[in-house]
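Me: I'm new to this one. Could you walk me through how to read a couple of its features?

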Amino acid sequence: MQTSSRAPFTLGNSSIPPGSRAVVDIPFGKLYTHTELNIGAHVIHGRREGPVLLVTAALHGDEINGVEICRRLLKLPRLNQLKGTLIVVPIVNTYGFVQQSRYLPDRRDLNRSFPGSEKGSLGSRMAFQFTDKILQNCSHAIDLHTGAIHRSNLPQVRASAKDKVALRMAEVFNAPIIIKAASRDGTMRGTANNLGIPILLFEAGEALRFDEQSINVGVRGILNVMTDLGMLRAGRKRPNTKSLFSKKSSWVRAEHDGIARYYVGLGQTVKTGDVLAHIYSPYSDFEVAVHASFDGIVIGRNNLPLVNEGEALFHVAEVSSLEEAEKTVDAINDEVDNAMPPVLGEEYGVV
């Protein structure tokens, strides 16, 4: 066996030698039945020096697309030649994942509990343990999310406009659109920013559903970032189309209660005044149109036709050119589709 002078990587109570991989279970609390729940972290510690990249999923327990992205990533033979260290946590919120819920048992949002504290609510204690034992050991991070229940997101990445490294990660990830957005208080992304760790947030698909296109974009994007960081050798195909940038996005909301008929989908461009949907009453001939309030591209949509006044219906991102937006989304989707079939088994972890 080839030996390495590189030091082992320590996570929790485990020490992973260079050139090896392990699953590390870190205790994160108990149920009121005294059943222990752990967070399992896959660690691949390369023989050669390099970045320490953290990939996380299911921070919201019902956002399962990222769990499949992690599975496919971990199966890739390319990781045998890894430089640096890869930490993959497929399920952060084990409580929510078991219950198929976004939240923790006390209905708190784990992604509003960071950086947490040693004493306090369950979410606060979990966030503290995650920050202390996992997040602080990393040099870069990618956090995988989906839309909420009954909402779907166009594949997109979000990064702080002030973090040049995170913006570079966003560019090479090569999702259809990049949202330059500051992080919210209490989020893992915000805590990473405060720790000086460049972090990228990937949003794609819908809660409790697998979306193949979103999964493919996610796996491909992580590989793109790892290649750019020097953790992997460049693949045979490189992206030809650059992502769109958007500095602002907002939701178009329902102005009335009722039943909605939606006319536009994810990735479609809209102009100011376009009719996006109609809301009608099942008890009268009342009907009202929902209009686009500015030019942009639809990056999120409510899939449930039963709506209440004030409910978010369409998430629209402003872009510099609608024509460019249409071409970019189509081109990136085509690149992903064309890249996947020939290499599904050997390069993208699909079985």
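Here is a short chat about a helix pair and a strand.

Reply: Happy to. Keep in mind that this is a predicted model.

Me: Let's start with helices. How do I describe two that pack together?

Reply: In general, two packed helices are described by the angle between their axes and the distance between those axes. Here, take helix 4 (residues 164-173) and helix 6 (residues 212-228): their axes are 8 Å apart and the packing angle is about 130°. That makes helix 4 and helix 6 oblique to each other. The crossing of helix 4 past helix 6 is right-handed.

Me: Which residues of helix 4 and helix 6 make the contact?

Reply: Helix 4 brings R168, M169, V172 and F173, while helix 6 brings V217, G218, G221, I222, N224, V225 and D228. Sorted by kind, the residues of this contact are six nonpolar, three polar and two charged.

Me: Now strands. Where do the side chains point?

Reply: In a regular strand they alternate between the two faces of the sheet. Look at strand 7 (residues 140-145): H140, I142 and L144 lie on one side, A141, D143 and H145 on the other, and all are buried. With six of its six residues buried, strand 7 is therefore largely enclosed by the rest of the structure.

Me: Which strands pair with strand 7, and in what sense?

Reply: Strand 5 (residues 48-56) pairs with strand 7 in the parallel sense, over four bridges; there V55 sits opposite I142 of strand 7. Strand 10 (residues 199-206) also pairs with strand 7 in the parallel sense, over five bridges, and A141 stands opposite I199 in strand 10.

Methods
Residues numbered from 1 in each chain as written. Predicted model: local features only at pLDDT ≥ 70, side-chain atom pairs only at ≥ 80, totals over all residues. Heavy atoms only, no water. Axes fitted to C-alpha atoms, helices over the stretch in contact; angles between N-to-C directions. Helix = DSSP H or I, 4+ residues; strand = E, 2+ residues; numbered from the N terminus. Parallel < 35°, antiparallel > 145°, perpendicular 65-115°, else oblique. Left-handed = near helix turned anticlockwise from the far one by under 90°. Contact = heavy atoms within 4.5 Å. Nonpolar A, V, L, I, M, F, W, Y, C, P; charged D, E, K, R; others polar. Buried < 20%, exposed > 50% of the residue type's maximum accessible area, 1.4 Å probe, protein only. Pairing = 2+ DSSP bridges.
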